[in-house]
Amino acid sequence: MQVESLKRKVLEGGEISPDEAAWLFKEAPRDELREAAHEITDRMSEKTFDFCAIISARQGRCSENCKWCAQSAHWATGCEAHGWVGTDECVRAAKEAEANGANRIGIVTAGRGQSDREIDEISDALKAIAANAKISLCASLGLVTEEQLLKLKSAGLSRLHCNIETAPSHFKSLCTTHTSEDKMKTLRAAKKLGFKLCCGGIIGMGESDDQIVEFAFALKSIGPDSIPVNILHPIPGTPLADAKPLGIERILDIIAILRFVNPRPSLRFAGGRRDLTDDEARRCIHVGVNAGIAGPLLTTPGAVYDDDRALAVEAGYEVGKKELGVMS
Ligand code: SF4
């Protein structure tokens with residue numbers, strides 16, 4: 001196998017197989033792999049670096065036992081918990097995100113899912129944001145039902161975020177209170193209703209090389225518009241507190257393989273970005289990252305708008321609004 005011929009296959013609209021992806025990830029010359037991923041990004045994905053922002057609208061005391069998460073009630077992390085922040089606070093955060101140049105605001109709530117009363121609160125906040133800010137609407141609400149999605153859609157929600165987090169074969173060793181299939185069910189329901197999907201995960205949770213490839217293809221099967229790539233920022237008190245940090249070389253190779261398998265979606269810097277130096281971030285952008293979550297994150301430090309905007313411009317991206325309004 002050769003990197004050049006696999007790159008050409010992707011550039012011509014073809015798809016590489018899991019065996020080919022595994023060869024690229026495990027055996028191909030690193031520089032060739034990363035440069036080929038750069039060319040695929042350059043030729044096939046967005047030229048505008050897409051920034052979104054999130055508001056942690058309900059935080060902590062979560063019933064689920066995700067081993068990486070500061071918000072799980074199963075681990076003593078000292079995470080600050082708070083209830084629903086209210087519509088006014090969501091509108092304030094959306095206006096701030098708009099002023100900072102974000103294309104989209106995501107309402108994020110901790111928990112396995114949402115009660116119908118909570119969906120009503122979120123729907124009211126979505127309507128208020130739409131009435132007061134020129135910004136697209138996203139939400140990350142755990143496992144949601146088709147009925148709940150319909151309500152959110154009529155409140156103006158156009159994109160749903162739900163990470164699969166890692167390879168399905170690895171997920172069960174990281175969380176036992178819900179499954180990859182539970183997440184797939186939510187994602188399939190949202191897709192059926194016409195939502196755009198933002199779906200990615202966290203790297204650095206002990207996944208094997210084969211599981212990186214599996215993760216890339218699981219994402220492809222969902223067909224998201226955006227793939228957040230979180231780099232584990234180990235949280236004291238969680239079972240992953242002592243996870244060994246991924247080196248930048250492995251991070252770059254993972255970005256390259258995600259890009260080979262998913263040539264068109266945005267690959268989005270998310271949690272863990274602040275643990276990279278600007279030079280390392282620059283290298284990630286070169287290989288395939290073309291979007292970011294800027295401003296405060298949930299429980300780990302986020303990027304500063306101006307820092308990543310400058311890196312994106314330096315890499316030749318436009319930075320600005322590309323998508324406004326709500327789903328028709
Ligand atoms: S990742 Fe989500 S579902 Fe899992 S513990 Fe954290 S807040 Fe709960």
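A: Helices here are DSSP runs of H or I with at least four residues, and strands are runs of E with at least two, numbered from the N terminus. The model is predicted. Under that definition, Arg-309 belongs to helix H12, residues 305-314. Arg-309 counts as buried because 20 other C-beta atoms lie within 10 Å, and the cut-off for buried is 20 or more. Its C-alpha atom is 30 Å from that of Ala-243, a residue 66 positions away along the chain.

The helix for the close look is H4, which covers residues 87-99. H4 has 13 residues and spans 18 Å from first to last C-alpha, close to the 18 Å expected at 1.5 Å a residue. Its buried residues are Cys-90, Ala-93, Ala-94, Ala-97 and Glu-98. Seen down the axis of H4, these residues fall within an arc of 140°, so they line one face of the helix. An α-helix has 3.6 residues a turn, so residues three or four places apart point the same way. On the other side of H4, Asp-88 and Ala-99 are exposed. The cover over the buried residues of H4 includes strand S1 (48-58), strand S2 (104-109) and helix H5 (116-132). Just after H4, Gly-101 has a positive phi of about 95°.

Positive phi also occurs in residues other than glycine. Arg-61 has phi near 55° and sits in the loop between S1 and H4. Arg-61 is partly exposed, because 14 other C-beta atoms lie within 10 Å. Glu-165 has phi near 75° and lies in the loop between strand S4 (159-161) and helix H7 (168-171). Glu-165 is buried, because 24 other C-beta atoms lie within 10 Å.

For helix packing, another pair can be described. Two packed helices are described by the angle between their axes and the distance between the axes. Helix H2 (residues 18-26) packs on helix H10 (residues 248-261) at an angle of about 155°, and the axes are 10 Å apart. Angles over 145 degrees count as roughly antiparallel, so H2 is roughly antiparallel to H10. The crossing of H2 and H10 is right-handed. In the contact, Ala-21, Leu-24 and Phe-25 of H2 meet Asp-253, Ile-257, Phe-260 and Val-261 of H10.

Conventions
Residues are numbered from 1 along each chain as its sequence is written. This is a predicted model: local features need pLDDT of at least 70, side-chain atom pairs count only at pLDDT 80 or more; totals for chains, interfaces and linings use all residues. The expected span of a helix is 1.5 Å times one less than its number of residues. A residue is buried if 20 or more other C-beta atoms lie within 10 Å of its own, exposed if 12 or fewer, and partly exposed in between; C-beta atoms are placed from the backbone. The arc is that of the directions from the helix axis to the C-beta atoms. Two residues are in contact if their C-beta atoms, placed from the backbone, lie within 7 Å. Axes are lines fitted to C-alpha atoms, for helices over the stretch in contact, and angles run from 0 to 180 degrees between N-to-C directions. Angles under 35 degrees count as roughly parallel, over 145 as roughly antiparallel, 65 to 115 as roughly perpendicular and the rest as oblique. A crossing is left-handed if the near helix is turned anticlockwise from the far one by less than a right angle, and right-handed if clockwise.
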